[in-house]
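Please keep the sequence and the structure in view while reading.

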Amino acid sequence: MQRRHFLKTTAAAAGCMLLPRGARAGKNAPGNKLNVALIGVWGRGLAHYEMLAEENVVALCDVNEKRFPEALKRFPKAQTYVDWRKCLDHKGLDAVVCCTADHTHAFVANWALNRDLHVYMEKPLAIGVEEARVVRANWLKRKDKLATQVGMQRHATENFNRVREMIRDGAIGELKAAYAWGNRQIRRDGYLPAQGQPPQDFHFDLWLGPSPVHPYNPGYFSGGAGSNCLSWNMFWDFGAGQIGDMGSHTMDLAWNALDAGLPTSAEATGEKFNPDVTPVACESHFEHPANDWRGPIRVSWYQGGLMPRSPNPTIDLKRIDHGAMFKGTRGFLIADFGTRIIVPWGDKAVPNYKPRAPEQMLPPVGHFQKQWINACKNPSLKTACDFEYSGNMIEQMLLGLVAYRVGKKIEYDSVAGRVTNSPEANDLLRRPYRAGWTLDG
Ligand SMILES: NC(=O)c1ccc[n+]([C@@H]2O[C@H](COP(=O)([O-])OP(=O)(O)OC[C@H]3O[C@@H](n4cnc5c(N)ncnc54)[C@H](O)[C@@H]3O)[C@@H](O)[C@H]2O)c1
């Protein structure tokens, strides 16, 4: 069993029991409750209310003041903020749950870690390669005392463990390649044109935050609760398109079974480059070195209608909107979030593979958000999607966008965080920030 999964196992088994009875869990809160700030209180923020109601929500932050009355009904004792930088300095905080727009994620995460706060960050952790590296490195320095989790909650579904077990137990022989794909297609031509003024109680300048200025348009904010991200996440300055969106969930299905670190190369092709909008149709490929249980592998991500080739003409992979496939020396494993099938290579039989007995199965992750809460209270417990696991995954995916932009295969020195064969690609590892905003505050 891999160390990460062993830790998951022991952590899940231990629950909160490692905590001495009567101990103060949140360093600042009595009664084993954490003092939490919720940043971004509407939309995806609503999905966290139930879990947070069991803790002390002491601060609420949103750039849209219209969202406060409802949130205050649920968390009446909280102080409100419109600027997350001020919110993070709320006295006595233990932890932060952040559901803001993607272009602020790495900032909020890094500032929170700098203040020794536990962080639950909605996906994606970052939208630039350097951002992912900075946040991961910061957490690794503090991982013994701080719990982190990226909002890839599908990870807790049973199929993730079953797929991992099959790959590790040799169900398709020796692993050679992994593919993940997503078929959400939302097309935009460019940033929205100026239209009207932001309402008085909507702080558009704070919403833009570190990103370059674009004119206000209500079209960025007219989506429903939890899906408004689809109004802005395809623009380069606000998101990473489907790589950050469904890519965070779907690559996770493969990533969980690979025990991969960072790739040594990335190459990508897709539709014509648009300086405003991330590509809809794009495919990216990464080479990963061998690890202690498998040889080198190639990992691929497809989106916007592009797909890996089906191993068998009778199987139409396009019927799986978001899925993953693994290629081994004896066959293929194809999975969506809930199911999986094995397809043998030609007439080769599947080798000696027996599903695990129940007592050998990886234990369930359990409630995904609660796993983080438990780890905040006892940082010796692990989380499934901490900033190392999720940081590596999103760094790989974002390198694909860099390769797409320069239009060539890039060689990557993952220790230094440098592209070694393209100065132009190197410049794209970092995205431009507005004056006055720093990642390390
Ligand atoms: N894990 C999942 O399954 C899942 C599902 C949906 C969305 N998300 C993620 O959640 C995040 C929010 O998505 P959404 O659709 O709710 O977006 P949204 O535009 O509705 O924003 C959510 C809330 O955050 C506030 N906000 C935005 N930027 C802010 C800032 N800088 N400071 C304070 N408040 C700010 C908004 O006013 C809004 O109330 C995105 O990163 C998205 O990727 C995750």
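## Domains and their contact

The model is predicted. The domain assignment divides the protein chain into two parts: domain 1 comprises 3-154 + 371-386, and domain 2 comprises 158-186 + 242-363 + 391-427. Between the C-alpha centres of domain 1 and domain 2 there is a distance of 28 Å. To the contact, domain 1 contributes 19 residues and domain 2 contributes 14 residues.

On the side of domain 1 that touches domain 2, helices α1 (3-14) and α6 (129-142) each provide at least two residues. Which of the elements gives the most to this side? It is α6, with six residues. Sorted by class, the side of domain 1 that touches domain 2 holds ten nonpolar, three polar and six charged residues.

Strands of a sheet pair through backbone hydrogen bonds, in either a parallel or an antiparallel manner. In this model, six strands form an open sheet with parallel pairing, in the order β3-β2-β1-β4-β5-β6. The edges are taken by β3 (79-81) and β6 (148-150); each has a single partner strand, so one side of each is left without a neighbour in the sheet. From one strand to the next, the twist averages 15°.

The pairing of β5 and β6 can be followed at the level of residues. Strand β5 (residues 118-121) runs parallel to β6 and is joined to β6 by three bridges. V119 has T148, in β6, standing opposite.

## Helices on the sheet

Helix α5 (residues 105-114) packs on the sheet, where α5 touches β1 (35-39), β4 (95-98) and β5. The direction of α5 makes about 170° with that of β5. Helix α11 (residues 368-377) lies across β4, β5 and β6, and α11 likewise runs at about 170° to β5.

## Residue L401 in helix α12

Helix α12 spans residues 389-406 and includes L401. Is L401 buried or exposed? L401 is buried, because 24 other C-beta atoms lie within 10 Å, and the cut-off for a buried residue is 20 or more.

Apart from neighbours within four places in sequence, L401 is in contact with A240, I243 and T278. L401 and T269 are separated by 132 residues in sequence, while their C-alpha atoms are 9.2 Å apart in space.

Methods:
Residues numbered from 1 in each chain as written. Predicted model: local features only at pLDDT ≥ 70, side-chain atom pairs only at ≥ 80, totals over all residues. Domains from an automatic or database assignment. Contact = placed C-beta atoms within 7 Å. Helix = DSSP H or I, 4+ residues; strand = E, 2+ residues; numbered from the N terminus. Nonpolar A, V, L, I, M, F, W, Y, C, P; charged D, E, K, R; others polar. Buried ≥ 20, exposed ≤ 12 C-beta atoms within 10 Å, placed from the backbone. Pairing = 2+ DSSP bridges. Axes fitted to C-alpha atoms, helices over the stretch in contact; angles between N-to-C directions.
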